[in-house]
Number of protein chains: 2
Amino acid sequence: MLFFTQCFGAVLDLIHLRFQHYKAKRVFSAAGQLVCVVNPTHSLKYAPIRCATAQASTEQGILPPCHHHEVVHDPQLVPCTCPLFSCQWEGHLEVVVSHLRQTHRINILQGTEIVFLATDMHLPAPTDWIIMHSCLGHQFLLVLRKQEKYEGHPQFFATMMLIGTPTQADNFTYRLELNRNQRRLKWEATPRSILECVDSVISDGDCLVLNTSLAQLFSDNGSLAIGIAITTSKVHSSEAEM
Amino acid sequence: MLFFTQCFGAVLDLIHLRFQHYKAKRVFSAAGQLVCVVNPTHSLKYAPIRCATAQASTEQGILPPCHHHEVVHDPQLVPCTCPLFSCQWEGHLEVVVSHLRQTHRINILQGTEIVFLATDMHLPAPTDWIIMHSCLGHQFLLVLRKQEKYEGHPQFFATMMLIGTPTQADNFTYRLELNRNQRRLKWEATPRSILECVDSVISDGDCLVLNTSLAQLFSDNGSLAIGIAITTSKVHSSEAEM
């Protein structure tokens with residue numbers, strides 16, 4: 001009986017996922033775009049706690065990870081690259097992808113343009129929606145975070161990080177696009193390197209920021225579809241030419 | 001002596017304005033775009049005070065102005081269309097433009113694409129930057145407002161209103177674009193009618209919202225350049241087609 005109940009639950013989940021996939025495709029017109037349903041991860045700890053831990057480890061001779069544009073002296077050692085609040089993992093840049101896949105079960109997707117469909121946007125802060133994105137010969141990490149910068153007023157922050165060095169990151173541009181209810185919001189920027197701390201990018205607000213009311217306008221039945229595109233060419237040519 | 005000092009001051013102002021104009025043109029590449037330098041207006045009262053006044057006038061038989069998507073029963077009478085906090089003017093839709101020009105000295109510009117250059121972004125909230133924009137046979141009002149929704153954390157809100165009815169407004173799409181420091185932020189939406197209250201559009205957050213750090217990243221020497229474009233065609237065709 002339990003087996004049948006579980007089977008029925010699994011079938012219902014599949015139908016639900018298929019329906020969400022269809023809805024996300026409806027929003028973004030480009031044919032052949034990959035839609036990935038991303039479930040939330042409830043964060044157990046706030047960023048300052050982790051940064052405080054890092055501070056303590058600095059006193060013991062280990063590099064402080066949570067500083068902006070900080071370059072790690074030993075390029076082989078990468079602390080603080082796992083963006084999950086509660087994880088204090090440290091490791092080499094080359095094994096970050098496998099750590100995120102194996103330890104945190106974060107999916108990795110192929111393709112220059114994908115649709116990131118974050119479910120259950122109503123869940124209380126702090127909550128993360130994370131996915132890895134493989135394209136143009138590199139791996140990127142998309143982090144959507146619900147966080148209360150001002151008590152009682154949760155906001156959504158979305159950013160993309162390159163799993164690589166800051167010099168490598170400078171060669172790319174990422175675009176996040178929301179499109180619904182006759183409103184369109186686009187954010188384009190150079191991805192940050194994962195060697196910089198995702199927490200500081202978000203606390204600086206140097207990313208796509210949505211208040212709750214805008215997030216609701218762009219959501220469909222509690223899910224937010226974000227179109228993601230990565231390019232190598234400099235799209236800010238108008239600025240560069242001048 | 002005073003005359004010479006004043007003349008010298010005026011020449012310095014002209015040089016400063018010319019320099020700001022050049023800087024704004026540098027950011028936005030399209031040739032022939034009109035750049036308008038917009039100086040701030042410090043608001044003396046907060047929106048709730050005005051809405052409270054409107055509430056009082058409702059009790060005396062005058063229409064309440066500050067409700068969302070509210071349709072004024074007598075289309076000839078337009079209360080609360082003047083977006084300045086401290087103004088309690090009421091009048092016909094046809095004379096809103098002349099009221100804004102004459103009483104508040106708000107400039108009106110021609111052209112489908114203009115650059116709005118808001119100066120002195122550092123001024124304390126509440127502050128408004130307002131301009132009228134005449135194109136496609138209609139007049140639009142662009143409002144940039146610095147306001148503290150959360151005490152001690154000022155934010156910038158930018159929206160475009162049609163000086164016309166909600167039905168007329170539905171035929172247009174406006175785009176606000178920020179482009180600087182290898183970051184680009186675009187907001188596209190249908191303009192609201194000026195018959196709806198600009199205060200409620202901003203308090204709902206259904207507009208382009210910038211926190212202080214993002215506004216600083218997009219600013220150049222205390223001035224924020226916003227590229228504005230208005231179209232009649234439905235740019236949200238991907239949504240409409242589905």
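## A guided tour of chains A and B

Start with chain A, whose secondary structure comes to 7 helices and 15 strands (DSSP runs numbered from the N terminus: H or I of at least four residues for helices, E of at least two for strands). This is a predicted model, where local features need pLDDT of at least 70 and side-chain atom pairs count only at pLDDT 80 or more, while totals for chains, interfaces and linings use all residues. Residues are numbered from 1 along each chain as its sequence is written, chains are lettered from A and ligands numbered from 1 in the order in which they are written, and side-chain values use heavy atoms, with hydrogens and water left out.

**The whole of chain A**

Of its 242 residues, 51% count as buried (under 20% relative accessible area; exposed is over 50% and partly exposed in between, with a 1.4 Å probe and protein chains only). Among the chain A contacts with a separation of 6 or more, 64% come from residues 24 or more positions apart (contact means heavy atoms within 4.5 Å).

**Stop one: a loop residue**

Select A:T119, in the loop that runs between β6 (113-118) and β7 (127-135) of chain A. Is A:T119 buried or exposed? It counts as buried, because its relative accessibility is 4%. Now show side chains: those of A:T119 and A:D120 make a polar contact at 3.3 Å (a pair of N or O atoms within 3.5 Å; within protein, one must be able to donate a hydrogen and the other to accept it, and residues adjacent in sequence count only if both atoms are side-chain atoms).

**Stop two: aromatic rings**

Over all chains, the count comes to 7 aromatic pairs (rings of Phe, Tyr and Trp, using its six-membered ring, with centres within 6.5 Å; planes under 30 degrees apart are stacked, over 60 edge-to-face and the rest tilted). Pick A:Y150 and B:Y150, a tilted pair with 4.7 Å centre to centre and 35° between the planes. Each chain contributes its own strand β8 (residues 138-150), so this pair joins two chains. Both A:Y150 and B:Y150 are buried.

Next, select B:W129 and B:F156: their ring centres are 6.2 Å apart with the planes at 45°, so this pair is tilted. B:W129 sits in strand β7 (residues 127-135) of chain B and B:F156 in strand β9 (residues 153-162) of chain B, so the pair ties together parts 27 residues apart in sequence. B:W129 counts as buried at 0% relative accessibility, and B:F156 counts as buried at 3%.

**Stop three: charged side chains**

The whole structure holds 18 salt bridges over all chains (a side-chain nitrogen of Lys or Arg within 4 Å of a carboxyl oxygen of Asp or Glu). Which residue of chain B forms a salt bridge with A:E188? Select B:R184: the closest N and O atoms of this pair are 3.8 Å apart. The pair crosses between chains, with A:E188 in strand β11 (residues 183-189) of chain A and B:R184 in strand β11 (residues 183-189) of chain B.

Stay on B:R184, which is buried at 14% relative accessibility. B:R184 also forms a salt bridge with B:E177, at 3.9 Å between the closest N and O atoms. B:E177 is buried, with a relative accessible area of 11%. Salt bridges that share partners also join A:R175, A:E177, A:R184 and B:E188 into one network. B:R175 counts as partly exposed, at 27% relative accessibility.
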